[in-house]
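Here is a short briefing on one protein structure. Keep the model open as you read, and find each residue as it comes up.

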Amino acid sequence: MGKGKEIIVVGGGLAGLVSAYLLAKNGHSVRLIEKKTYPFHRVCGEYLSNEVVDFLEREGLLPQNVTIPKIDRFEFSDTKGRIVQTPLDLGGIGISRFLLDDFLFQRAIEAGAELLCGKQVHQVHFIQESDRFQVVLEDGKILESDYVIGAFGKRSRIDSFLARAFTQKRSPFIGVKYHIQINRPTDVVALHNFTNGYCGINAVEENRFNLCYLGRREDLRKHGSIPELEREVLWKNPVLREIFQEAEFLFEKPEVINEISFEEKSPIENHILMVGDAAGLITPLNGNGMAMAIRGAYILADIVENNTERNTIEELYQKQWNLHFKNRLLFGRWIQKLFGAEISSAFARNLLKNSHWLSQQIIRNTHGSPF
Ligand SMILES: Cc1cc2nc3c(=O)[nH]c(=O)nc-3n(C[C@H](O)[C@H](O)[C@H](O)COP(=O)(O)OP(=O)(O)OC[C@H]3O[C@@H](n4cnc5c(N)ncnc54)[C@H](O)[C@@H]3O)c2cc1C
């Protein structure tokens, strides 16, 4: 254990791993608890905005031994398959979470963090009298710390334990992800609409493409299985039909998740400092959740490093979080309304086709600047 504050990070996605890396590097005693073991696949489009790429390169947080595709064009099709392309001013890269998270896991250990994998946190208590936390693991073991960072993603049993408001509502969405091989340009991120959803495709490392879509639980129920949902709903967009028919699918079965809630959350609950999706999930069409998780970790680590009082840390974090993320989340929710329906997706396509300025404004309002 190093000097400084004792910190437990719950969850080892991008937000948790980057927090653990930065805080351990600064000499704090960091323990990260992740319920799975690395490496593993996650449902994610794996398009990473350039907002955070300079930072990751500066910190040596991007693997060097693979070719990572650079992406600077955007392709969009409406539900009828009518396509429009536009340049992406900011752009990004395509990198699988299988590779990136595992690399960050190694870097966090090298920086001095202790990583406890294959262990699930069941409860987090803030003890007023001692001004410390007690973190209860699934086997009943209790760990203590000065601070807890909640980096447990979109939805965790800790959300229910804390009775966070969004857990009261069921989310109507499902997310499905594959890696595929297909002959397509590697500098394009595409979003293809279908009724009640949209599907993103972009290159990642090793000549693979990520194909990931957000659909509706009720459509899955109606059609009975993922392949039937794809044939009956996604394939109505001829662009998607062609991609599904042409691609070689590399997973035995897709990664699937549900309970994807875009409801408002609070970045601090019961003194737990929430970061990444645990603080708020941006609609995936923006391709910005990964960058927000990484930037959130950067902002939080800086505040924890430079302040000693809990109250000040919480106040500053709330303020900075609002400044960087609140409007992006609102805007993201609003734009999602233009997706997944015939008329609105055709309207969005016309907007992209006829007003480069307006489409760049939309992208600017859902993305941050590099730092
Ligand atoms: C369909 C879809 C497509 C997307 N596409 C993109 C995209 O192309 N680009 C982009 O930038 N963003 C995208 N996103 C968003 C992006 O995936 C997330 O914003 C990002 O993964 C957030 O990282 P995180 O670290 O907050 O959470 P996560 O990566 O979800 O990590 C949370 C971790 O916490 C662990 N955990 C949870 N509960 C516990 C517990 N009780 N104890 C221990 N561990 C626990 C989980 O196992 C998990 O590893 C997409 C999202 C969806 C749903």
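Rings of Phe, Tyr and Trp count as a pair if their centres lie within 6.5 Å. By that rule, Tyr-178, Trp-235, Phe-244 and Phe-249 form one aromatic cluster. The model is predicted. The points below start with the rings, then turn to a sheet, salt bridges, cysteines and a helix.

**Aromatic pairs**

- The count of aromatic pairs comes to 15.
- Tyr-178 and Phe-244 have ring centres 6.5 Å apart and planes at 90 degrees, so this pair is edge-to-face.
- This pair links distant parts of the chain. Tyr-178 lies in strand S11 (residues 173-181) and Phe-244 in helix H7 (residues 238-246), 66 residues apart.
- Tyr-178 is buried, with a relative accessible area of 8%. Phe-244 is also buried, at 8% relative accessibility.
- Phe-194 and Tyr-213 make another edge-to-face pair, because their planes stand at 90 degrees, with the ring centres 5.9 Å apart.
- Here, too, distant parts of the chain are linked: Phe-194 is in strand S12 (residues 188-194), Tyr-213 is in strand S14 (residues 209-216), and they are 19 residues apart.
- Phe-194 is buried, with a relative accessible area of 3%. Tyr-213 is buried at 2%.

**A sheet of three strands**

- In what order do the 3 strands of the open sheet stand? The order is S7-S8-S9, and the pairing is antiparallel.
- S7 and S9 stand at the edges. Each has a single partner strand, so one side of each is left without a neighbour in the sheet.
- The twist averages 20 degrees from one strand to the next.
- Strands of a sheet pair through backbone hydrogen bonds.
- Strand S7 (residues 121-127) pairs with S8 over 6 bridges. Val-121 stands opposite Leu-137 in S8.
- S8 pairs with strand S9 (residues 142-145) over 4 bridges. Val-135 stands opposite Leu-143 in S9, and Gln-134 stands opposite Glu-144 in S9.
- S7 and S8 form a hairpin with 4 residues between the strands. In this hairpin, Asp-131 takes a positive phi near 55 degrees.
- S8 and S9 form a hairpin that has 4 residues between them. Gly-140, in the turn, has a positive phi of about 90 degrees.
- Is strand S8 (residues 132-137) mostly covered or mostly uncovered? S8 is mostly covered, with 5 of its 6 residues buried.

**Salt bridges**

- The count comes to 23 salt bridges.
- Glu-6 forms a salt bridge with Arg-132, with the closest N and O atoms 3.4 Å apart.
- Glu-6 lies in strand S1 (residues 6-10) and Arg-132 in strand S8, so this pair ties together parts that are 126 residues apart in sequence.
- Glu-6 is partly exposed, with a relative accessible area of 26%.
- Glu-6 and Arg-132 also belong to a network of salt bridges, which links them with Arg-31, Glu-144 and Asp-146.
- Arg-328 forms a salt bridge with Glu-51, and the closest N and O atoms are 2.8 Å apart.
- Arg-328 lies in helix H9 (residues 310-336). Glu-51 lies in the loop between strand S3 (47-49) and helix H2 (53-58), so the pair ties together parts that are 277 residues apart in sequence.
- Both Arg-328 and Glu-51 are buried.
- Arg-82 forms a salt bridge with Asp-78, with the closest N and O atoms 2.9 Å apart.
- Arg-82 is partly exposed at 39% relative accessibility, whereas Asp-78 is buried at 0%.

**Cysteines**

- How many disulfides does the count give? The count comes to 0.
- Cys-117 is in no disulfide: the nearest cysteine sulfur, that of Cys-44, is 19 Å away.
- Cys-212 is in no disulfide either, and its nearest cysteine sulfur, that of Cys-44, is 6.7 Å away.
- Both distances can be set against the cut-off, since a disulfide needs two cysteine sulfur atoms within 2.5 Å.
- Cys-117 is partly exposed, with a relative accessible area of 23%. Cys-212 counts as buried, at 13%.

**Helix H8**

- Helix H8 (residues 289-306) has 18 residues.
- H8 reaches 26 Å from its first C-alpha to its last, close to the 26 Å expected at 1.5 Å a residue.
- H8 is mostly covered: 13 of its 18 residues are buried.

Technical notes
Residues are numbered from 1 along each chain as its sequence is written. This is a predicted model: local features need pLDDT of at least 70, side-chain atom pairs count only at pLDDT 80 or more; totals for chains, interfaces and linings use all residues. Side-chain values use heavy atoms; hydrogens and water are left out. Helices (H or I, at least four residues) and strands (E, at least two) are DSSP runs, numbered from the N terminus. The expected span of a helix is 1.5 Å times one less than its number of residues. Buried means under 20% relative accessible area, exposed over 50%, partly exposed in between (1.4 Å probe, protein chains only). Two strands pair if DSSP finds at least two bridges between them. A salt bridge is a side-chain nitrogen of Lys or Arg within 4 Å of a carboxyl oxygen of Asp or Glu. Axes are lines fitted to C-alpha atoms, for helices over the stretch in contact, and angles run from 0 to 180 degrees between N-to-C directions. Rings of Phe, Tyr and Trp (its six-membered ring) pair if their centres lie within 6.5 Å; planes under 30 degrees apart count as stacked, over 60 as edge-to-face and the rest as tilted.
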